[in-house]
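Visitor: I would like to go through this model by question and answer. Please show it.

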Amino acid sequence: MSTPASLRFDIAILGGGVAGLWLLNDLRRRGYSVLLLETHALGGGQSIASQGMIHGGIKYSLAGALSGASEAIAAMPDYWRRCLSGAGDLDLRQARVLSEHFYLWSSNAAGSRVTTFLASRALRGRVDAVPAAERPPLFREPAFQGSLYRLVDLVLDVPSLIAALAAPWPDAIFSLADVPQRWARAATGALQLELDTPDGRLCLAPAAFVCAAGAGNETLLAELGASAPAMQRRPLQQIFVRHRYPHALHGHCLGRETTPRLTVSSHPAGAGEQVWYLGGTLAEEGVGMAPAALIERARRELAELLPWVALGADARWGTLAIDRAEPRQHGLLRPDQAFADWADCPGNALIAWPTKLTLCPNLAAQVAARLAARGIAPRGGATPALPLPPPPLAATPWQEAFDD
Ligand SMILES: Cc1cc2nc3c(=O)[nH]c(=O)nc-3n(C[C@H](O)[C@H](O)[C@H](O)COP(=O)(O)OP(=O)(O)OC[C@H]3O[C@@H](n4cnc5c(N)ncnc54)[C@H](O)[C@@H]3O)c2cc1C
């Protein structure tokens with residue numbers, strides 16, 4: 001087969017989760033010519049499965065001290081709020097905010113050390129005790145006897161975030177579904193990606209590839225013959241329940257441990273229903289459990305922690321097993337920043353994991369710094385139009401499960 005002509009431009013992003021889409025927006029803003037390729041659906045990996053919390057790190061401080069992780073992430077809620085108001089680096093006015101606050105409530109089992117820490121001066125302005133008159137409706141019930149705190153964190157509707165990040169770039173986002181592809185190398189050693197499109201073979205020859213494919217980065221690294229950076233997976237089994245109970249819940253429940261015993265976010269589901277999405281320790285300990293057994297455990301947990309809440313006999317339950325994909329850490333620890341570094345094979349492939357949706361701005365800063373350090377600056381050319389369709393937007397786990 002003849003060698004196809006090379007398409008030269010600045011950056012090709014592989015992966016259309018929140019990281020790839022955020023990077024597309026950020027790099028275009030910086031003047032790069034950038035296109036994004038997605039194999040499946042936009043947001044369809046971890047992003048659509050996430051709880052949409054943009055958090056300032058307090059949940060990592062429950063051990064009783066402000067750690068490096070909590071300091072690195074502390075600036076993020078303000079950064080996102082500026083974008084959501086249209087005054088930030090990215091325009092996210094089309095993304096929907098589900099809750100301006102995330103709450104922490106203590107069960108009777110919460111240790112006094114944690115509650116003393118939460119009330120301490122170190123956290124003033126980031127965690128505030130909520131007076132009874134300002135409580136959200138769900139916590140106004142007389143049966144609620146614990147303490148309630150309000151965090152600076154906010155909760156986003158992830159489908160609308162994905163749509164808002166993709167909307168400005170209809171000419172730069174392409175589907176790789178059913179498109180045979182192979183890596184090649186230019187005489188310089190630079191990587192190229194050959195695509196067999198319906199209109200013939202194309203050869204993408206950007207100055208850099210940014211692999212933002214979530215768990216798919218592991219496969220990309222293997223295809224490239226790279227051994228670093230290595231990836232780790234931290235598995236979860238989340239639980240979701242679709243019901244007609246009228247009040248939303250966005251909060252962590254504190255137990256005796258230093259991680260939230262239960263984390264709940266609430267998501268619109270239409271037809272007068274909503275979905276409560278349950279994570280935290282429940283989802284970590286649920287890994288490997290049969291879904292029915294985990295659902296039973298979740299029912300018991302809700303009955304114990306929120307005894308006045310009745311979700312109704314017609315509530316529909318499901319679970320989602322999914323891995324968090326991250327750069328490998330010593331002892332499988334949670335990384336405390338976003339990550340971007342060059343693959344250790346010859347060529348120009350940058351490997352990126354945000355490690356949290358919240359940390360996308362931190363990821364974008366790291367990617368920009370890595371490109372600049374290699375002298376990869378915007379060259380002022382146009383982004384090529386590929387003869388490929390756009391990928392669809394991903395459905396939520398509950399839309400997938402309940403087929404609506
Ligand atoms: C259950 C759960 C809850 C979470 N909750 C939160 C939260 O509340 N707040 C928070 O800050 N973080 C949260 N996170 C973490 C957050 O979701 C992730 O860090 C973030 O979504 C990762 O985004 P990503 O774009 O890197 O990966 P993904 O969202 O996984 O996207 C990767 C994309 O790449 C595509 N792809 C794969 N291979 C290729 C290829 N070869 N070529 C092209 N495309 C490819 C996939 O189809 C997918 O669309 C949560 C994670 C999980 C699992």
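Visitor: Between which strands does the loop with Ala 186 lie?
Guide: This is a predicted model. In it, the loop that holds Ala 186 runs between β10 (181–185) and β11 (191–197).

Visitor: Is Ala 186 buried, partly exposed or exposed?
Guide: A residue needs 20 or more other C-beta atoms within 10 Å to be buried, and 12 or fewer to be exposed. Ala 186 has 13 C-beta neighbours inside 10 Å, so Ala 186 counts as partly exposed.

Visitor: Which residues does Ala 186 touch, not counting those up to four places away in sequence?
Guide: Contact here requires C-beta atoms within 7 Å. With residues up to four places away in sequence left out, Ala 186 touches Gln 192 and Ala 205.

Visitor: How far apart are the end C-alpha atoms of helix α10?
Guide: Helix α10 covers residues 360–373, which is 14 residues.

Visitor: Which elements do the buried residues of α10 pack against?
Guide: The buried residues of α10 include Leu 363, Val 367 and Leu 371. Their packing partners, taken with those of the other buried residues of α10, are α1 (18–29), α4 (76–84), β12 (200–211), β18 (339–342) and β19 (349–353).

Visitor: Which element gives the most to the side of domain 1 that touches domain 2?
Guide: The contact takes 17 residues from domain 1 and 18 residues from domain 2. On the domain 1 side, the elements giving two or more residues are α1 and α6 (158–166). The most, three residues, comes from α1.

Conventions
Residues are numbered from 1 along each chain as its sequence is written. This is a predicted model: local features need pLDDT of at least 70, side-chain atom pairs count only at pLDDT 80 or more; totals for chains, interfaces and linings use all residues. Helices (H or I, at least four residues) and strands (E, at least two) are DSSP runs, numbered from the N terminus. The expected span of a helix is 1.5 Å times one less than its number of residues. Two residues are in contact if their C-beta atoms, placed from the backbone, lie within 7 Å.
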